[in-house]
Structures are given as C-alpha cells and as structure tokens.
Amino acid sequence: MTDVIPLPELRNQIDAIDQQILQLINQRASLAEEVAKTKIASGEDSCFYRPDREALVLRRIKELNPGPLDDDTAARFFRELMSACLALEKPLQVAFLGPEGTFTQQAAFKHFGHAVATEPVSTIEDIFQAVESGHCQFGVVPIENSTEGVVTPTLDRFVASPVQICGEVAIRIQHNLMTHAASLSEVTEVYSHRQSLAQCRQWLDKHMPGVPCIEVNSNAEAAKIASARQGVAAIAGEVAAEIYNLPILQQGIEDQSDNTTRFVIIGHLTSTATSEDKTSLLISTKNHAGALYSIIEPFSRHGISMTKIESRPSRQGLWDYLFFIDIDGHQTDPEITFALEELESRVTMIKILGSYPKAIL
C-alpha cells in the first residue's frame, strides 16, 4: 500500500511552492518593466504589444508543459501573466462591440488577457474609427460565424481602412440562461438578442414553453435587465454573468453545440513571421470568364493552402467583385511573395489585410 502523505505536510509544501511562484512572477514583472525602459530608450515606445512574440511564448509553453495541467490551461495562465506584465509596461486600450459583457469583449479578454482596458462602442464602424484615429491601439471585430457565415459590415469596412489584421481568436458561442430565480418555473420572461433567441429556440420550446421571449439590442443588455428584475432571465455569455452578478441557472442551451465565431484583432502593427501564420487578402477583379481561376491558380501552383474565400460586389463599378481570401503562411514567405507578384498582372487590386499568428487558444 502506498504511503499517504499527511494533509498538513501537503499544505505546507503547497504554501512553499506558492511563495516561490509569487517571487518568480514578480521577478518576471520586474524584467517586463526593464523591457519597457529599453524600448523607450531605443525609440520603440509606440506600442509594446507584439502578437508575434506572444504567440511564440505561448506555443513554447504548450510544448514544454509536462502536465497534469493540459496545454490550453497552461497557456491561459501565461496569457494572463503576460497581460498583467504588459500592463506594467503600457496598458492597452482595446475597442469592442459593446455594451459590457458581449461575446466580442469575451474575445478581447481571451486574446489579450484581463489586464487590458476594454472600451465598448456601439457599432463595428466605431471600432474601426477608434483604431484608425489612435484612440485605441487595437480593436476586436467579428468576421465570421460557423452557422451564420461572414459578418458583412466587417468585410466591407476593410476595403477602405488602413488598419491591419494582427491577430485572430475564436469563441465557442455558449448561450447560458442566467437569472436570480431559483428554478425555471419561477422565470416569467426571457430577454436576449434575436439571434440568440433563435439559436436557443428548441431548448426554450422544450423547457420553457409559453414563457415570453423578448428581443433586445444585445445579450449584455438582456443580462443587465435580468439583474434588476425579479423573475426575469437572460440568455448571454459567461462574461455578462460575471459583470452583472447573475447566477447561471442552465449552461449551454444553444441548439447547435459547435456554434463558433471567429474574431480578428485590428491595429497598426505588422507582425513578423512565426512559422504558424495566416495571411488575409483583399483582391478585386472584373467579372470575366476564368477570373476566379486566375486568382487561385498561382496559390495552387506554389503549394499555398487557401483556407477561406468569400466574394462580394465591390460597389466601385458594375460587375466588379472583391474576394476576401485567407491563406496559410506569412506574406514574407518566398512562395507567397512569388504568388502575389504573379497575381498583380491578373487582377485590378491586391490589398494585404495582414499576416498574423494563427490563434493559439
């Protein structure tokens, strides 16, 4: 029989390790402050956040992780640690689609950690403007959903915007029923955004038949209403539950469990290559026979994987089309450079929206 270590001894060991961890965390924070001083002295003080450097650190953590914590859990710990250390250097202002508690804010926290200053704005247009004007260093915008397709306002705004895509993050859209009511039978009304109500319709019909469902502008607004009214429930994400101090009565009530939204991080940074990157392109061409083939053929010939293609009318001329394309690799990779050079003579416009590290978490 294996000897059992007495509980007081285990707790003493944990206390000793916690003290060591705290010392090492603060030692790392002190080094982060020195990094800031060095960057300022060398004239690199415009933005201390480097998505490429962060991606390399997190990938290294996952490679080094011996367990028993899984790789993603270990990476999340270090994401928050880096977020807190970066805030010591220079806090980041990140614009998101408000109000407080939306999935877009959740995406911001997942990508940057909770030490950033998030600023809610009303529209996707406002996010772009906040970044373009320099009011915020970065913005988080939804670009596509696994069940509803592309987010048209985001794609359209990229056409004229000077910002770059410098990161991406995916959020599993888990809808939760939150309320101060003790049970489903005590809920008299359910508030949420119309899309969330539609995505939870089967669950609502089965478990809460006859309960009125009321549409509001956002899930976060629904959570705010439910936090102030007895018997009212909201359908929203975990961040909204935390912000408005609402207990989650039922988790994961969405009808499709794999519903995921991809967000991109916009800013003025150009990320360097990390070996696991993605490049987003905007290509314009006339509508003629073989136009699409002439776009994708160079990528195929140079062995470049195309992970997404979306067409939109350009609105610049009759029958002109825009193609939003994602490819694997960085714009500085030789094969991508060659492919883009060949494309220049075949299309009316090529705009590189950004090369950035693939999502880590």
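Just after helix H4, Gly 113 takes a positive phi of about 85 degrees. H4 itself spans residues 103-112; helices here are DSSP runs of H or I with at least four residues, strands are E runs of at least two, and both are numbered from the N terminus. Keep in mind that this is a predicted model, where local features need pLDDT of at least 70, side-chain atom pairs count only at pLDDT 80 or more, and totals for chains, interfaces and linings use all residues. Residues are numbered from 1 along each chain as its sequence is written, and side-chain values use heavy atoms, with hydrogens and water left out.

**Helix H4**
- Eight of the 10 residues in H4 are buried (under 20% relative accessible area, 1.4 Å probe, protein chains only).
- Among the buried ones are Phe 103, Phe 109 and Phe 112.

**The largest pocket**
- A pocket is an open set of points on a 1 Å grid over the protein atoms alone, where a 1.4 Å probe fits, with protein on both sides within 12 Å along at least five of seven lines; lining residues have an atom within 4 Å of a point.
- The largest pocket has a volume of about 720 Å³, meaning the space filled by probe spheres set on the points.
- Its lining has 28 residues, and Thr 104 is one of those nearest the centre.
- H7 gives the most to this lining, with three residues.

**The second largest pocket**
- This one holds about 490 Å³ of space.
- Of its 18 lining residues, those nearest the centre include Gln 106 and Lys 110.
- H4 supplies at least two residues of this lining, as does helix H3 (71-89).

Conventions:
Buried means under 20% relative accessible area, exposed over 50%, partly exposed in between (1.4 Å probe, protein chains only).
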